[in-house]
Amino acid sequence: MEVVDSIQEMKGLANEWKKRGYTIGFVPTMGYLHEGHIALVRKAKELSDKVVVSIFVNPIQFAPGEDYHFYPRDLNRDKVLLQKEEIDVLFLPSVEEMYPQGFQTYVEVRELSSYLCGRFRPGHFVGVATVVLKLFNIVNPDFAIFGEKDYQQLKIIQRMVDDLNLDVKIIPHPTVREEDGLAMSSRNTYLSQEERKSAVSLYTALNLAENFINQGERDVFTLKKKLKDFIESYPYTRVQYIEFVHPETLKEVEKIEGPVLLALAVFVGKARLIDNKLIVPKTH
């Protein structure tokens with residue numbers, strides 16, 4: 001595994017590989033890797049001749065007062081995990097090189113960014129889209145793998161790729177979960193032992209909603225109330241949002257009439273956890 005921290009060097013390597021006819025698979029991360037990330041890396045290996053993983057805690061996707069400075073980091077541990085997976089390059093750009101003095105160009109995927117997490121984290125998805133476009137231009141991948149846990153992010157990146165005619169295929173990967181169903185996330189490390197027990201309420205609520213819908217409940221207002229009461233019956237939990245949205249447009253629906261994405265954001269202690277499930281109602 002080669003470790004590259006210069007943009008020029010990364011571009012040079014990618015160009016060299018392309019000349020030789022190699023395909024490049026790419027997994028952008030913010031580090032503090034877990035099994036969810038490793039699943040994306042393995043998918044990239046399956047699809048491509050060369051695999052690049054980037055680690056970059058992107059300052060412009062954190063709003064003031066969010067956890068940028070406290071975001072978990074452990075580069076040595078990450079390197080060991082990636083070496084085991086035998087990736088080709090670990091790309092570690094610096095903030096100074098990614099956003100040099102005078103930087104003023106940002107990418108906004110307007111409508112999709114205005115829903116769900118976008119309502120509570122202004123500017124977050126501009127930061128995400130901008131850094132991902134920059135990374136795509138540097139690494140020049142044929143495939144980039146994104147987890148479905150961050151469903152809104154996935155849709156925004158897919159939209160950006162289509163709208164800007166980028167030559168990269170976005171490959172979604174199903175959410176990777178702990179044994180009790182909690183979606184894997186670097187932010188799970190913020191949970192105390194007691195809070196960790198309450199965190200399972202998100203996954204349980206997703207399954208509960210599917211049961212309610214399959215038993216015939218179609219009114220979103222009623223479903224939301226039931227789910228909020230259920231999640232907040234656990235200690236340390238505070239619901240930020242529970243939304244039933246169209247899986248492609250992310251627009252809220254008022255009545256369940258077909259496949260729907262249920263998306264949740266819940267504070268458990270100080271950790272803000274998100275999860276989602278695509279629910280296809282059974283037709284009786």
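The text below takes the strand, the salt bridges and the cavities in turn.

The model is predicted, so local features need pLDDT of at least 70 and side-chain atom pairs count only at pLDDT 80 or more, while totals for chains, interfaces and linings use all residues. Residues are numbered from 1 along each chain as its sequence is written, and side-chain values use heavy atoms, with hydrogens and water left out.

**Strand S2**

Helices (H or I, at least four residues) and strands (E, at least two) are DSSP runs, numbered from the N terminus. Buried means under 20% relative accessible area, exposed over 50%, and partly exposed in between, with a 1.4 Å probe and protein chains only. Strand S2 (residues 24-29) is largely enclosed by the rest of the structure, because six of its six residues are buried. In a regular strand the side chains alternate between the two faces of the sheet. Here Ile24, Phe26 and Pro28 point one way from S2, and Gly25, Val27 and Thr29 point the other way.

Two strands pair if DSSP finds at least two bridges between them. S2 pairs with strand S3 (residues 50-55) in the parallel sense over six bridges, and Pro28 stands opposite Ser54 in S3. Between S2 and S3 the chain passes through helix H2 (residues 35-47), and this β-α-β crossover is right-handed (with the strands pointing away from the viewer, the path from the first strand over the helix to the second runs clockwise). S2 also pairs with strand S5 (residues 143-147) in the parallel sense, over two bridges, with Gly25 opposite Phe143 in S5.

**Salt bridges**

A salt bridge is a side-chain nitrogen of Lys or Arg within 4 Å of a carboxyl oxygen of Asp or Glu. The structure holds 23 of these salt bridges.

| Asp150 | Lys149 | 3.9 Å |

Asp275 in strand S9 (residues 271-279) and Arg177 in the loop between strand S6 (169-173) and helix H9 (193-199) are 98 residues apart. Asp275 is buried, at 3% relative accessible area, whereas Arg177 is partly exposed at 25%. Glu210 is partly exposed at 21%. Lys149 is buried at 15%, while Asp150 is partly exposed at 28%. A network of salt bridges links Arg119, Lys224, Glu243 and Glu252.

**Cavities**

On a 1 Å grid over the protein atoms alone, a cavity is a set of points where a 1.4 Å probe fits but cannot get out, and lining residues have an atom within 4 Å of a point. Grid points are joined across faces, edges and corners, and a volume is the space filled by probe spheres set on the points. The structure holds two cavities of 30 Å³ or more.

The largest cavity contains about 890 Å³ of space. Its lining has 47 residues, and His37, Tyr71, Lys149, Asp150 and Gln153 lie nearest the centre. Helix H7 (124-139) is among the elements that give two or more residues to this lining, as are S2 and S9; the largest share, six residues, comes from H7.

The second largest cavity contains about 50 Å³ of space. Lys149 and Asp275 are among its lining residues, and S9 gives the most to the lining, with three residues.

Methods
1 Å grid on protein atoms, 1.4 Å probe; cavity = no way out; pocket = protein on both sides within 12 Å on 5 of 7 lines; lining within 4 Å.
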